[in-house]
Each structure stands twice: as C-alpha cells, then as structure tokens.
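Notebook open. I want to go through this one piece by piece and jot down what turns up.

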Amino acid sequence: MVKYLNNGSSGFQQYMSAKESEKKSNITTGVLWLAMILLAAWLAYTWLTPKPAVNNPSPAEPASAAENISDVPAQKLRGGDINAKLQGLRISDISLMHYQQEKGGAEPVRLLSGDKEFLEVGMLANGTAAPTAGTVWRSELLKNDLGPEILRMTWKNSEGYEFVRDITVTGYVINVTDTVANHSGRDASVTPYARIVRAAPAKQSSTVAAGAIAFVDDGIERESWQRMTKKSYAYDGPGGYVGFEDQYWQTIARIGGEDQTMHMKMRADELFQADTAAATAVNIRAGETKSFSAKIYAGPKTPGDLKSAAAAIPGIERTIDYGWFWFLARPLLWAINALFDFVGNYGIAIIILTILLRIAMWPLTRKSYTSMAAMQKMQPEMQRIQKLYANDKIRMQAEMTKLYQTHKTSPVSGCLPMLLQIPIFFALYRALLISVPMRQAGFLWIPDLAAADPTSVFNLFGLLPYSVPGWLTIGALPIIMGLTMWWQQKLQSPANGAAPSDPTNPIAQTTKFMKWLPILFVLLFAWMPAGLVLYWTASNLFGIGQMWWIKRQEKKSK
C-alpha cells in the first residue's frame, strides 16, 4: 500500500469552450480551431503538472554510520555493457559503453559521476557489527563457466560473523548477493537497504519525467527535483524498486524481500537521495547462514534493455513515460525505429511515417477538401444571408442550416482530419523526447532531431560570426514549416482571392487573423524538437500535394 504523508490532490484539468456561430462558418474555420487548440494544449502540457501535497517527514535514513571512505581501495567493476568504480559498499562513476556524451566523441555517458554521487547497498545490524561504507574488504575475481565473472568480497567482524558479497554484471544490471554466516554463539538481525545519492541535473525539462521514481503496489510513483526541494516523500508497500531517472537514463535499485519502506528527499548537503529498506529485520540465529540479494539497473530507458532487465527487476519496463497518448506514442516509436532499420536515417524515417499517416487519413482528408470547396462556393450566399437577416438571428440560423443542407456540407466537416492530428502531434512529440536511439540523430543541417533546430535567422543561420541568445533561436526548419503553412492557406483561399471588405465582418476578421497564423506557428515550433517540426513540415507538403491533385481532378470533371 502506498503511503502518502498527507492528503493532497493531483491531476490535470482541461477546459475548452467553443461558441458556435454561423458567422464563423467559412473555409478557414478548421485551421483556426486547430491553431487555438494546439496553442492551448501545448501551454497546458508544458506548464501544468500534477503537484501532490505532502508533509515533511523525518524518516529513519538507512545509511551506514561511517561516511569517510578514504581508506577504502577503489577497484574497477567491469562486465556487461558498463564499467564502474567499486569502493566497498559503494558503486559510482558508471560508464555506459555504447553511448557517448557528445556526438562522435570518445567519452561515454556516465551516471553517478559527481564527487559525492554513489549507489550503496548494505545492511544495518542489531546485535552485531555489519560492514559500513568505510569497511575494507578482501576481494578476489572468480571465473564462472556458466555466466559472467564474479567479484567476491569477504569481511569478518570480531564477533564471528562472516559477510560474503558476490557481484556480477549482466547487460546494464548489477547483481549483488550478500551471504551472512553466523559463527558466533548468539543471535542477531540485519536489515538490508539500498540508497542512491546524486545531484539534480543542471538543465531540466518540464515536459520529460525526471527526478525520483519508485515502483510500489504495482504502480509507478514519480517526484520531480523541484518538488523534492520542498517536500520529502515516503512509501510503504510490497517489494518494488526506487531510484532516479533522467530524459534518457536511469539508476534503479531493488532489494529482495516483501514489505519495504522507500524514501525520496533532498538532503542537508543539497544532494538528493532515494532509498529503500526492508520493513522488518531478518533474524540470523547462531550457526545459521542467510543470503540477501539486490539488483541495480544503470542504463538507458530503451524498451529492449528494460525488457531484458525486467527478469531481475520486475516492473522496470514501465519506467518509460509515453505520456497521455501512450496508445499512439508506442506504435509511432516502434514504426519510426522499424523505418530507421530500413532506411538508416531517422529524418527520412519520420518523413516516410508522415506520408503513411497522411495516406491512412486520405478518405477523411478528401472529404475535408471537398467540404472546403463547397464552403468557398457558399461564401457569396452566406454573406447575403448575413446582411439580409442581420437583425433576425433566429431566421439567419434557419437560412444558414438550409444552405448547408442544400450543399450537403457542414462547417465542421473540414475539421476532423485536423483534430485527428492533435493526439498524433503530442504522441510523436513524446516519442521523439524519450527515444534513446534518436538522441543525437542528425538530418541535413540538424545535429539532433530530439532537440530544437539550433540555427537562427538572426545570424543568417550561422553565416554571420556571432552567436544568438537562446530565446532568439528561430531555425531554418521552423521557417520552412511556416512557409508551407502559408502555401496551404493560399491554396485553401477562394479562387478569386476575394474576402469581405467590411472589417466588422467575422469572416474578414478571421481571414485577417489567419494571415498571422504561420508566423505564430513559427514562433511556437522554434523551441520544439526538430523531428516534430520535420513531421509537421512534411505533412504540410504532402497535404499541398493532395490538395493540388484534388483541384486538378475537379477541373478535369468539369
């Protein structure tokens, strides 16, 4: 059972209201509503996050008494896909051998690499002395014909207790097995624990899950770095795991046993700690030998690696946050990776995926364009009705309805394909942000499709020898996207380009606003992942091609 330290409310609320007005029924209604919905949803998605309220707890910290480890010799822990530094109970400076910090660089990604960052697996003892962080062990490397080599550590206390620790590495999973043999004449008890201590990242994203994470009662609990600076969190429940996650990487610890108590908090030294300890101590009688296990995952948040690790750490595959539209994000991510395996470039894969999605929505798109064409033809009659019944709203509504029935169309019939783009938009956005393989994936001049286009129009895209502040970074790809949007508007406008001249006319007001929409979208998309902007640009271009083909077919049929 998850334990919250006081009652709080969490959740996300959305509010949309739309006032129907026949005066707004024109060929640009669909695009206008799409723009407004996208802007509102984007702001809500970026700024609003669940904020559970809790009281400050004072949990008993499952840490070893000794913090001075200067006398403990450090040794290399190698195996699987990682290298790490082992110093007694502590593991730190974990290198992910298949991922580099910089694109094309030789320096691997490192987890828990700060001066005071570490992962510690140990035991608290009652009735005897257990190894602490400052304990010096005797170590030896054992060959294992049935699996990875074993690093064995041995330590005996003065009371006749022998502690043996075996460490192996498989993939990104570090396996720790502790065996305690009671050779003394009296009983004692031990409480296994694990804790992870680290600093918050210098740069944090408000749209990607990052901070502490726990798996309790078959559910994921997340607390951001910011929330932990204000509150501490505690959870009681059956065996799970606890740790920290970033955009692409995570460090997770799981100890054996049933009931556990987990904590997430910021320490007095301004580092963050996530720990878990057995809820009840394990008694070891005289002459008995008992074993305890702990599993550590330090690696990427990739479905394949997490699926493999789930055999050792059940539920770890659920740490990937696919967002609200997970049912779309997962297949989209799978499709992008499958297309990448075929074409060898993520930019091309996104373009192909865009075309496939547009083809799938072709029946609705064609109906939408046909409706737009009908609305264009209706413009003169709509304006006549608006002027004729300007003082009789009920009669105007009736005449407008009759006009729609005559032309067998509706002012909202052109909106459906655009509305369908909204969940795809956010699902693809999430897929781009959490995809580890897409990290540092380049396309043309863009070095990373998961980040914003780094070029800027204000230094002529790098031709002028000066840097531009981040808030002025409006790259080439968002500008191209804006141009394709403007082109679409031109094709959707009436053939004669006519528009009501009366500035008080709602149609004229809407038309005037629509002229500024591409610029608004350029500013909005300038800070979005370049892969998402590429998707929207390709979708616009393919839509332009579809619209041109439909108009050509209409001309042939006349």
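For the charged pairs I count a salt bridge when a side-chain nitrogen of Lys or Arg is within 4 Å of a carboxyl oxygen of Asp or Glu. I keep in mind that this is a predicted model.

**Entry 1: D321 and R430**

I started with D321, which forms a salt bridge with R430; their closest N and O atoms are 3.7 Å apart. With the limit at 4 Å, the pair counts. I then looked up where the two sit: D321 is in the loop between α3 (303-309) and α4 (326-343), while R430 is in helix α8 (residues 416-434), so the pair links distant parts of the chain, 109 residues apart. Buried or exposed? I checked R430 and got a relative accessible area of 6%, so R430 is buried. D321 came out at 24%, which makes D321 partly exposed.

**Entry 2: the other charged pairs**

How many salt bridges does a search of the whole structure find? I got 16. Next I picked out D246 and R198, whose side chains meet in a salt bridge at 2.9 Å, N to O. D246 lies in the loop between β14 (241-245) and β15 (249-255) and R198 is in strand β10 (residues 188-198), so this pair ties together parts that are 48 residues apart in sequence. I found D246 buried, with a relative accessible area of 15%, and R198 counts as buried too, at 11%.

Then I went to E245, whose side chain meets that of R222 in a salt bridge of 2.6 Å, N to O. This pair also links distant parts of the chain, with E245 in strand β14 and R222 in strand β12 (residues 219-223), 23 residues apart. E245 has a relative accessible area of 1% and is buried. R222, at 24% relative accessibility, counts as partly exposed.

**Entry 3: strand β7 and its partners**

Strand β6 (residues 138-142) runs antiparallel to β7, and five bridges join them. In that pairing I noted L142 opposite I150 of β7. Strand β8 (residues 161-170) pairs with β7 over six bridges, in the antiparallel sense. There I noted T154 opposite V164 of β8. The hairpin of β7 and β8 has four residues between the strands, and in this hairpin G160 takes a positive phi near 95°.

I ran a length check on helix α5 (residues 346-360). At 1.5 Å a residue, its 15 residues should span 21 Å, and I found the end C-alpha atoms 21 Å apart, which agrees. Which residues of α5 are buried? My list reads Y346, G347, A349, I350, L353, T354, L357 and R358. At the start of α5, a side-chain oxygen of N345 reaches to within 2.8 Å of the backbone nitrogen of G347.

I carried on to M361, in the loop between α5 and α6 (362-388). M361 counts as buried, at 11% relative accessibility. I also took a C-alpha distance here: M361 and L420 are 59 residues apart along the chain and separated by 8.9 Å.

**Entry 4: P108**

I looked up P108 and found its place in strand β4 (residues 108-111). At 11% relative accessibility, P108 counts as buried. P108 and L96 are twelve residues apart in sequence, and I get 5.9 Å between them in space, C-alpha to C-alpha.

**Entry 5: a nonpolar patch**

Last stop, the surface. W516, I519, L520, L523 and W527 form a nonpolar patch there, and together they have about 520 Å² of accessible area. I placed W516 in helix α10 (residues 506-525). W516 is exposed, with a relative accessible area of 53%; the cut-off for exposed is over 50%.

Methods. Residues are numbered from 1 along each chain as its sequence is written. This is a predicted model: local features need pLDDT of at least 70, side-chain atom pairs count only at pLDDT 80 or more; totals for chains, interfaces and linings use all residues. Side-chain values use heavy atoms; hydrogens and water are left out. Two strands pair if DSSP finds at least two bridges between them. Patches are made of residues with over 30% relative accessible area and no salt bridge: like charges are joined within 9 Å, nonpolar side chains (Val, Leu, Ile, Met, Phe, Trp, Tyr) within 5 Å. Accessible areas come from the Shrake-Rupley method with a 1.4 Å probe; for residues, only the protein chains shown count as cover. Buried means under 20% relative accessible area, exposed over 50%, partly exposed in between (1.4 Å probe, protein chains only). The expected span of a helix is 1.5 Å times one less than its number of residues. A polar contact is a pair of N or O atoms within 3.5 Å; within protein, one must be able to donate a hydrogen and the other to accept it, and residues adjacent in sequence count only if both atoms are side-chain atoms.
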